[in-house]
Amino acid sequence: MRIAIDEDKCCGAGQCVLAADDLFDQRDEDGVVVLLDPAPPADAFDRAREAATLCPAAAIEVSA
């Protein structure tokens, strides 16, 4: 699995962190998403997909 983020789209809502705080964080200065692991283990797939689904800016892309 691969996760990619588009920082330019991110609006800092933080839904990704709520869904998967082991995969995502936010910058202190502006709240933009920080990807903690671009290639997490397979057991993180459901959390990553949920984070992508919940993102109001569609800034997260998850691929198998």
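How many cavities of 30 Å³ or more does the structure hold? It holds 1, where a cavity is a set of points on a 1 Å grid over the protein atoms alone at which a 1.4 Å probe fits but cannot get out. The model is predicted: local features need pLDDT of at least 70, side-chain atom pairs count only at pLDDT 80 or more, and totals for chains, interfaces and linings use all residues. Residues are numbered from 1 along each chain as its sequence is written, and side-chain values use heavy atoms, with hydrogens and water left out.

| Largest cavity | Value |
|---|---|
| Lining (residues with an atom within 4 Å of a point) | 14 residues |
| Nonpolar lining | 9 residues |
| Polar lining | 5 residues |

Cys10, Ala13, Gly14, Cys16 and Cys55 lie nearest its centre.

The chain has 2 helices and 4 strands, in the order β-α-β-β-α-β; these are DSSP runs (helices H or I, at least four residues; strands E, at least two).

The largest nonpolar core has 19 residues. Such a core is a set of buried Ala, Val, Leu, Ile, Met, Phe, Trp, Tyr and Cys residues joined through side-chain atoms within 4.5 Å, and buried means under 20% relative accessible area with a 1.4 Å probe, protein chains only. Among the members that touch the most others are Cys16 and Phe24. Helix H1 (15–19), helix H2 (45–54) and strand S4 (60–63) each supply at least two core residues. Buried residues make up 34% of the 64 residues in the chain.

Conventions. Buried < 20%, exposed > 50% of the residue type's maximum accessible area, 1.4 Å probe, protein only. 1 Å grid on protein atoms, 1.4 Å probe; cavity = no way out; pocket = protein on both sides within 12 Å on 5 of 7 lines; lining within 4 Å. Points joined across faces, edges and corners; volume = space filled by probe spheres on them. Nonpolar A, V, L, I, M, F, W, Y, C, P; charged D, E, K, R; others polar.
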